[in-house]
Number of protein chains: 2
Amino acid sequence: MEKRPLILITNDDGITAPGIRHLIEAMNELGDVVVVAPSSPQSGMGHAITVNNTLFVEPVNIDNGPQIEYSCSGTPADCVKLAVNELLNKKPDLCVSGINHGSNSSINVIYSGTMSAAVEAGVEGVKAIGFSLLDYSWNAEFDHLKEYIKRIAQNVLDNGLPNGVVLNVNIPKSKDKTFNGIKICRQARAFWEEEFDKRVNPHGREYYWLTGKFVNMDKGEDTDEWALAHNFISIVPIQFDMTAHYFIDDLNNWEI
Amino acid sequence: MEKRPLILITNDDGITAPGIRHLIEAMNELGDVVVVAPSSPQSGMGHAITVNNTLFVEPVNIDNGPQIEYSCSGTPADCVKLAVNELLNKKPDLCVSGINHGSNSSINVIYSGTMSAAVEAGVEGVKAIGFSLLDYSWNAEFDHLKEYIKRIAQNVLDNGLPNGVVLNVNIPKSKDKTFNGIKICRQARAFWEEEFDKRVNPHGREYYWLTGKFVNMDKGEDTDEWALAHNFISIVPIQFDMTAHYFIDDLNNWEI
């Protein structure tokens, strides 16, 4: 009998989010699933870890299925650390994070709790993928994603990934639930142009809400933004060696 | 009269930390300084941003000097966003973050609030440097760092940095307050081997404290860890295009 892979699942929208429930359903068809996910939403947490506070973890049973589930008081990165180092008795064959309700393409990767979980798994030597759907709605449609997600996960299980690389998968919102295919991409150069909405509270004190609009400066047709705008699922291989190797020689010429 | 550069200062240890006070003192000698820093410590916050909560900012006067200072309820990345987009009436010529009480070398860069501020500045098109001292003590010695920090900052002001690159500067703890020099490095391959300290609270509920030991798997003499262990100040150029470009061709060969 073939050995089924052990698959760790987490996310940043919280363990009850529809996105992770659909991911669990898909992964149950590929392997033995253990879920360790935040008890509450953690969006915008970046790669936060809980060093100055306690972490609570408890077994939960949210819906039927063969998966084992734990709810954790921490961040997505905490969930992966706890799973790999404490809760699981062997290293998982794959860690999948998501399906995020909203985009993690281009520069969003640096703010993303979903991707921080995938990166943390990569740091711990576990193959990892973050999945995100470009639809912020809690009631987003996920059913039509299952075959694509399974196919990408199976490819990672079969082919592996180099040390230090994880995959950032983003999926366009498609009205007719079909895609033009899957494209391997680079991260587009983009940023958020912030606008701070300044208000005054009932006690006369000023405060701000962070808002902003997304600005893509990158016209390249090899980017994730281009792929998503043209109804392709984008896959960007992400590395956590952040060294700008190409700039080292220049820096060595500085008189510092 | 020569125009003095506008220098934005932030950190993640909080606006009253000795590290940022020393950084302000050094930068006052190079330019016009505006400080926008968290009102409370934010260590381990990674690149968190405050999207679901209000942000409070207030002018403060912590110690004497020509600098203008604001205390902010948000994360280091929030501070930079607020400064660049709301508080300052022109784009700063330089953003410096720190001096962090503790290392942000190698893999620590992904967990670091100090570096997330520098990265955020880079994303906003501002030249940026994060400074960290390998001494967690609140009473760490900083005086002997001033000349090095000024020299590195002046070099960035004079030479600029490529779009998409910021500098991660780490400084060893030196007993005799001297260094063997400054080395341009790559980020060492390293990780934290977590150990979770499991306890039971007074109400009988289990909880964990995250602890761990740092494991450097990288024997390279061109790494930041090597430099720091040999009493050099390390400078790693960091990029936030996280694409693993070298793996794109391989991925294109997958039957996905």
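**Two chains, one shared surface**

Of the interface residues of chain A, 100% are also interface residues in chain B, so the copies meet through the same surface. The model is predicted. In it, 60 residues of chain A contact 60 residues of chain B.

**The interface, seen from chain A**

- The contact count is 60 residues of chain A with 60 of chain B.
- Helices that each supply at least two residues to the side of chain A touching chain B are α2 (76–87), α3 (113–123), α4 (146–159) and α6 (248–252).
- Strands β8 (182–184), β9 (190–200), β10 (206–216) and β11 (233–239) of chain A also supply at least two residues each.
- β11(A) gives the largest share of this side, five residues.
- By class, the side of chain A that touches chain B holds 37 nonpolar, 15 polar and eight charged residues.

**Helix α3(A)**

- α3 of chain A is among the elements that supply at least two residues to the side touching chain B.
- How many residues of α3(A) are buried? Eleven of its eleven are, and the helix is mostly covered.
- The buried residues include A:G113, A:T114, A:M115 and A:S116.
- Just after α3(A), A:G125 adopts a positive phi of about 85 degrees.

Notes
Residues numbered from 1 in each chain as written. Chains lettered and ligands numbered in written order. Predicted model: local features only at pLDDT ≥ 70, side-chain atom pairs only at ≥ 80, totals over all residues. Contact = placed C-beta atoms within 7 Å. Helix = DSSP H or I, 4+ residues; strand = E, 2+ residues; numbered from the N terminus. Nonpolar A, V, L, I, M, F, W, Y, C, P; charged D, E, K, R; others polar. Buried ≥ 20, exposed ≤ 12 C-beta atoms within 10 Å, placed from the backbone.
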